[in-house]
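Hello,

Here is the structure we talked about handing over. My notes on it follow below.

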Amino acid sequence: MIRLRIQSAVLLLAGSLMLLSCNDEEVNSKYCNLRARLTIDNVLQAPVLHAACESMGEYCTVTSDGQSFIFTNAAGKSSSLPIAALSGYSGYNLGLTGFIVGRLTIPEMGEDNVRVVCFDRACPNCYQAYNITKPLALQESGYAGCKSCNRTYNLNDCGSLSDGPAGRALYRYRVNYTLNNIGLWGLYINN
């Protein structure tokens, strides 16, 4: 009887540790598990997006008005592309409130090349605390700020929290910026 109780306790403890390790893995993971999908086969069609993908430390937001994708940089300059021309039958999902896309200023730890990154435009701390989506505002020099919780995120440091109350870094999505099969630079976000 005692042996059965000890085995049950050990199994319960092991199960609890597995759940905790899964939660820690999700918090410490490089990428979030939110849905995101966007395909742009020719980035040159959107000058603001092209500049963000080609220039280190340059970022732009990606949003939609239902008719077009709108790309806006920190200086307020924007360009757009019609949704129908891009999404076709593949569909799209802009995460919680859109994306922030750009090229880091230095390579990530363990990498040789500076890469294009993609973050969700929603403040992750407001979303986790209150289940509301508060869009971030791009700031000069590679930062994004939340007016609701007064946090600032460093985009060049992979979306880490740089100012304000303690909290988590930005939600990050998988992104590929590459020459496609028709010889054009394409941006592919798929989480």
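**Sheet, cores and one buried arginine**

In strand E13, Ile189 is the bridge partner of Val175. Please keep in mind that the model is predicted.

E12 covers residues 175-179 and E13 covers residues 185-190; the two run antiparallel and are joined by five bridges. They form a hairpin, with five residues between the strands. In the turn, Gly183 has a positive phi of about 80 degrees.

E13 also pairs with E1: four bridges join these two strands, again in an antiparallel arrangement. Here the bridge partner of Leu38 is Ile189, the residue that is also listed as the partner of Val175. Taken together, the three strands make an open sheet in the order E1-E13-E12, with antiparallel pairing. The edge strands are E1 (37-40) and E12, each of which pairs on one side only. From one strand to the next, the twist averages 15 degrees.

Next, the nonpolar cores. In soluble globular proteins, nonpolar side chains tend to be buried together. The largest nonpolar core in this model has 28 residues. Those touching the most other members are Leu49, Phe71, Phe99, Val101, Leu187 and Ile189. At least two residues of this core come from each of E1, helix H2 (47-54), E2 (59-64), E3 (68-73), E5 (99-103), E6 (116-120), E12 and E13. H2 supplies the largest share, four residues. Apart from this core lies another, of 16 residues, which includes Val114, Cys126, Cys146 and Leu170.

What does Leu187 touch, leaving aside residues up to four places away in sequence? The list is Leu38, Thr39, Ile40, Val43, Leu49, Cys53, Val101, Val116, Val175, Asn176 and Tyr177.

Arg172 lies in strand E11, residues 172-173. Is Arg172 buried or exposed? Its relative accessible area is 4%, so Arg172 counts as buried, the cut-off being under 20%. With residues up to four places away in sequence not counted, Arg172 touches Lys30, Tyr31, Cys32, Glu108, Arg115, Val117, Cys118, Phe119, Cys158 and Asn191.

Regards

Conventions. Residues numbered from 1 in each chain as written. Predicted model: local features only at pLDDT ≥ 70, side-chain atom pairs only at ≥ 80, totals over all residues. Heavy atoms only, no water. Pairing = 2+ DSSP bridges. Axes fitted to C-alpha atoms, helices over the stretch in contact; angles between N-to-C directions. Core = buried A, V, L, I, M, F, W, Y, C linked by side-chain atoms within 4.5 Å. Buried < 20%, exposed > 50% of the residue type's maximum accessible area, 1.4 Å probe, protein only. Contact = heavy atoms within 4.5 Å.
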